[in-house]
Amino acid sequence: MSVARFWRETPRRYNLAGSRCAVCGNVYFPPRAVCPSCPHHRQSIEKMLPFQLSGAGEVISYTIVHEAAEGFEMQVPYVLALVKTVEGPVLTGQVVDIEPAEVGIGLKVRATFRKLREEGKAGVIHYGYKFSPVVEEELGRRPAGPRASVPSPTGGHEQARA
Amino acid sequence: MREVAVLGVGQTKFGELWDRSFREIGIEAGLGALVDAKLSSADLGALYLGNMASGSLIDQEHIAPLILDYAGLAGRHLPGVRVEGGDASGGLALHQGYLAVASGLYDYVVVGGAEKLTDVSDEAATQIAASTADHEWEVVFGATLPALWALVARRHMHLHGTLREELAAVSVHAHEMGSKNPNAHYRNRLSIEQVLHAPPIAEPLGMLDCAPFSDGAAAVVLGPLEEAKRHTDTPIRIAASQVACDTMALQHRDDLTSVASTVRAARAAFARARRAPKDVRVVEVHDAYSISALVALEDLGLCEKGAAGKAYASGSFGLDGPLTVNPSGGLKAQGRPFGAVGVAQVVEIVRQLRGEAKDRQVPDASLGLCHDLGGTGATAVVHLLERAG
Amino acid sequence: MQAGIVSYGAYVPRYRITPAEIGRVWGTDGEAVGQGLGVRRKSVPAPDEDTITISTEALRTALVRGGIDPQQIGAVYVGSESHPYAVKPTATVVAQAVGATPNMTAADFEFACKAGTAAIQACLGLVGAGMIRYGIAIGTDTSQGAPGDALEYSASAGGAAFVIGTEHVIARVERTLSYTTDTPDFWRREGQRYPSHGGRFTGEPAYFRHVTECARRLFEASGTSPKDYAHVVFHQPNGKFPQRVGRQLGFSEEQMRYGLVTPSIGNTYSGAALIGLANVLDHAGPGERVLLIGYGSGAGSDAFDLETTEELASFDRNHGLPVQHYLDHGVEIPYAVYAKFRGKIHMGGS
């Protein structure tokens with residue numbers, strides 16, 4: 001993968017920068033230029049505003065991968081899950097820091113920041129979100145995760161609602 | 001629009017064809033279909049070639065003229081079009097050929113599907129299969145295609161009570177059918193125990209829940225129905241050809257256990273043909289993974305949601321019917337040469353409707369359905385085929 | 001306005017290995033080695049962790065705890081001797097990952113195990129001069145000892161991040177000073193995978209001399225003595241050195257209690273003293289004086305005279321995990337898995 005191809009997605013991969021339709025209020029990740037939910041799609045053009053996910057969510061499905069995707073060979077068996085975020089969008093990502101047998105539907109997780117893959121020994125390293133279980137000590141507290149605010153075109157900072 | 005019929009079919013053996021090249025298998029299938037249709041190449045209007053990934057698999061793009069050239073047709077300067085829709089490329093090519101004949105632009109076209117997988121490693125093939133999913137938001141995060149289908153399986157088990165053994169029954173059925181198909185990649189029978197104890201790929205799916213990587217090619221000749229009797233005693237009418245798309249990534253589906261593109265294409269096809277799911281006697285569904293077959297049968301309206309697994313487990317999809325599923329052996333046993341699959345499904349259904357399927361013949365089949373699928377369902381193609389007159 | 005610590009966060013990877021397990025592979029009594037070092041377990045990073053990910057986790061916790069708007073961060077300095085890139089900053093990735101870019105400065109610091117405390121001093125300067133509102137200082141490492149070397153029993157992974165500023169300061173920095181000489185006790189040449197060291201030369205002329213001299217100079221400058229401090233934190237390459245230097249200086253076990261974390265997680269190098277400080281802040285109340293003395297081979301010590309403030313009473317340190325969690329938890333792995341995680345197995349092919 002070219003350096004630029006990964007680099008241009010870093011705001012999304014590092015900070016869960018999504019978008020929110022100013023017309024219907026739906027939240028999307030990755031961000032979209034056109035709202036799929038608005039009955040008149042064109043209404044939403046240029047009204048899709050930056051919106052950052054908190055990274056908090058729960059597992060709605062999961063698999064334990066034994067035959068790895070390229071670059072993930074050293075991590076098998078690894079858990080890949082669909083995580084429904086508290087803001088609505090569902091994300092595909094690894095669940096780390098847990099024994100695979102302990103993962104289940106409904107597991108509360110938060111986004112964490114990990115290496116996704118390396119372009120060989122000499123190449124660039126790609127980073128991005130994975131998920132880790134919310135440990136007991138954290139339950140009942142505010143969920144952790146990336147909190148950085150995203151500058152919006154209007155100059156304000158819209159925060160995740162979590 | 002003119003009515004369109006399948007006039008001839010051809011297919012290579014599917015499997016690890018170490019001594020055969022992409023162009024060889026493509027030509028064998030195409031010429032086989034032409035001979036079967038009693039047509040000469042002089043009658044041809046165009047070639048539509050379904051292929052998913054020749055660039056990645058054999059470092060060769062621009063393959064439609066390549067096949068025409070080595071079929072000896074370069075001097076006729078026929079139009080050749082490659083069609084790509086992930087592993088639904090074959091079905092999608094058939095849709096394009098159907099439109100071309102129905103519109104009256106061409107009278108006779110060859111629709112081929114060909115893929116050569118064994119010139120790359122299994123690891124590379126796995127990565128190429130994953131390219132039918134969303135690279136930026138699924139694959140980059142560690143998803144493979146079987147892993148994504150495993151996510152569907154887990155959810156299906158959670159919501160609909162599907163059992164691991166029921167998934168295994170899909171593969172057992174496929175191999176039972178494949179054992180009767182001389183073109184099949186695998187002709188061995190499987191037991192539930194074997195499937196359950198196969199090495200895990202992406203839990204709950206194991207190696208024997210996943211279709212193999214195969215080489216292979218298939219082709220059909222299409223022509224106007226009104227001319228069909230000149231070419232065959234049993235013309236097969238394309239009663240409906242429908243394509244539907246959905247979100248690229250699984251994560252954006254409202255219901256993980258249903259593929260909306262399949263639902264939409266099937267509904268449109270039945271409406272177009274003025275038929276209902278209950279009229280279907282034989283079906284070829286895209287069983288790249290055991291779970292894919294369950295979801296397909298439910299989305300096509302052939303089973304109630306959550307009922308397909310039980311039906312497989314009770315052995316009710318055999319040749320005796322009332323519904324026979326994947327008599328070819330499907331992708332699991334007949335094989336999975338990505339872009340050839342959708343065309344091979346049609347080849348199988350045509351043989352069934354003509355009564356030429358020998359050991360695996362479904363009795364009294366008059367309406368058949370083919371279901372081709374790309375990735376986790378971003379593209380679905382449904383064809384209804386009917387014995388004409 | 002006096003500068004100090006506004007917020008902090010620590011992170012230690014989940015995996016652990018025991019000295020006994022390491023010794024089993026090399027045919028030595030690892031348990032005895034561990035007892036000699038005062039190290040019960042050391043942390044091991046997962047294959048997808050490095051100093052960039054550890055820094056980011058620690059800093060995200062710190063920013064949430066302090067309610068810090070990342071756009072108000074003017075500098076991010078990451079101190080480590082195990083930056084993932086030889087050329088390309090760790091700090092830019094971390095800054096981007098917390099949303100602090102682009103109106104800021106960033107750099108990586110390297111001074112063996114005291115790069116993190118050096119980063120704190122740099123931030124204090126910028127903040128104190130009014131050049132920036134918040135400065136971020138991180139000390140983190142995923143260090144490795146050569147297989148079979150004494151260092152392998154202690155070299156571990158972890159880090160802590162500190163937000164330095166002048167508003168809502170939870171721990172004022174009353175004074176900081178350093179003691180620096182050219183002392184080659186421990187080094188790693190460019191391109192070398194594992195460090196080399198001078199054996200027992202790392203003790204008296206290196207660690208003990210610098211820590212002791214630095215502490216004495218600080219006491220002198222501040223007019224303090226050990227009894228004035230509720231807590232003391234030393235750099236802790238093992239469990240024994242800090243206890244010995246503490247006793248030599250006249251500190252009690254009670255004063256050293258929270259600052260000593262190496263016995264449970266190993267030597268996190270640039271993270272070691274700072275994770276110790278984070279643990280102290282996890283337990284401290286307002287108005288407690290804290291002495292922090294870092295040490296980096298090569299060699300130098302940075303001393304900090306800190307005093308916690310009333311702000312600490314309302315500080316949201318419940319967010320994220322306390323250091324104690326990392327000391328108490330962890331999943332032990334066998335040496336073979338450790339070797340795989342740490343890239344010690346020669347892989348064939350492309």
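This is a predicted model: local features need pLDDT of at least 70, side-chain atom pairs count only at pLDDT 80 or more; totals for chains, interfaces and linings use all residues.

Reply: Residues are numbered from 1 along each chain as its sequence is written, while chains are lettered from A and ligands numbered from 1 in the order in which they are written.

Me: How many helices and strands does chain A have?

Reply: Helices (H or I, at least four residues) and strands (E, at least two) are DSSP runs, numbered from the N terminus. Along the sequence, chain A reads α-α-β-β-β-β-β-β-β-β-β-β. The count for chain A is 2 helices and 10 strands.

Me: What percentage of the residues in chain A is buried?

Reply: A residue is buried if 20 or more other C-beta atoms lie within 10 Å of its own, exposed if 12 or fewer, and partly exposed in between; C-beta atoms are placed from the backbone. Chain A has 162 residues. The buried part of chain A is 48%.

Me: What share of the contacts in chain A with a separation of 6 or more joins residues 24 or more positions apart?

Reply: Two residues are in contact if their C-beta atoms, placed from the backbone, lie within 7 Å. Among contacts in chain A with a separation of 6 or more, the share from residues 24 or more positions apart is 55%.

Me: Is A:Asp97 buried or partly exposed?

Reply: A:Asp97 sits in the loop between β6 (90-95) and β7 (108-118) of chain A. Its phi is positive, about 60 degrees, although A:Asp97 is not a glycine. Most residues other than glycine have a negative phi. Because A:Asp97 has 18 other C-beta atoms within 10 Å, it is partly exposed.

Me: Is B:Asn326 buried or exposed?

Reply: B:Asn326 lies in the loop between β10 (324-325) and α12 (330-333) of chain B. Phi of B:Asn326 is positive too, near 45 degrees. B:Asn326 has 30 other C-beta atoms within 10 Å, so it is buried.

Me: Which residue does a cis peptide bond join to B:Glu203?

Reply: Most peptide bonds are trans. Here omega is about 10 degrees. The cis bond joins B:Glu203 to B:Pro204.

Me: Where is C:Ala299 found?

Reply: A cis peptide bond joins C:Gly298 and C:Ala299, with omega about 10 degrees. C:Ala299 is found in chain C, in strand β13 (residues 298-308).

Me: Over how many bridges do β8(C) and β13(C) pair?

Reply: The sense of this pairing is antiparallel. In β13(C), C:Ser301 is the bridge partner of C:Tyr179. The number of bridges between β8(C) and β13(C) is 10.

Definitions and conventions: Two strands pair if DSSP finds at least two bridges between them.
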